[in-house]
Amino acid sequence: MGKQFLKIAAVYFALSVLLSVIIGVSGDYSLSNVQSHIHLLGWIALGIIGLIYVTFPALSVTILAHIHFWMHNIGLPGNYR
């Protein structure tokens, strides 16, 4: 599970960087809230969680780890206002 968290964190990092470039080039900062949430909750939080699961592999074999992965990734895109 730790590697899955780190892989999806890298995807969120790429999305965050791409959105940052789009915001910077366009000059329209209305999506900066979305970009900051993708960066913080996607890249930073999932990266830290992935490192915890890699450090403590016994945590990643439970069904709760799988539920955690899917609930985080289902809830993250709906977190913007």
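Helix α1 is followed by G27, a residue with a positive phi near 80°. Helices here are DSSP runs of H or I of at least four residues, strands are E runs of at least two, and both are numbered from the N terminus. The model is a predicted one, so to speak of a local feature takes a pLDDT of at least 70 and to count a side-chain atom pair takes 80 or more, while totals for chains, interfaces and linings use all residues. Residue numbers start from 1 along each chain as its sequence is written, and side-chain values use heavy atoms, with hydrogens and water left out.

Overall, the chain has three helices and zero strands, in the order α-α-α from the N terminus. Of its 81 residues, 27% count as buried, meaning under 20% relative accessible area with a 1.4 Å probe and protein chains only (over 50% is exposed, and in between is partly exposed). The accessible surface is about 5,300 Å², with 75% of that belonging to carbon and sulfur atoms; the areas come from the Shrake-Rupley method with a 1.4 Å probe. As for contacts (heavy atoms within 4.5 Å), 70% of those with a separation of 6 or more link residues 24 or more positions apart.

Back to α1, which covers residues 2-26. With 25 residues at 1.5 Å each, this helix should span 36 Å, and its end C-alpha atoms do sit 36 Å apart; the expected span is 1.5 Å times one less than the number of residues. The buried residues of α1 are G2, F5, A9, Y12, S16, L19 and I23. They pack against both α2 (32-55) and α3 (63-75).

Two packed helices are described by the angle between their axes and the distance between the axes. For α1 and α2, the axes come within 8 Å and cross at roughly 160°. The axes are lines fitted to C-alpha atoms over the stretch in contact, with angles from 0 to 180 degrees between N-to-C directions. The α1 and α2 crossing is left-handed, which is to say that the near helix is turned anticlockwise from the far one by less than a right angle.

Over in α3 sits H72, which counts as buried because its relative accessibility is 18%. Leaving aside residues up to four places away in sequence, H72 touches L41, A45 and L46.
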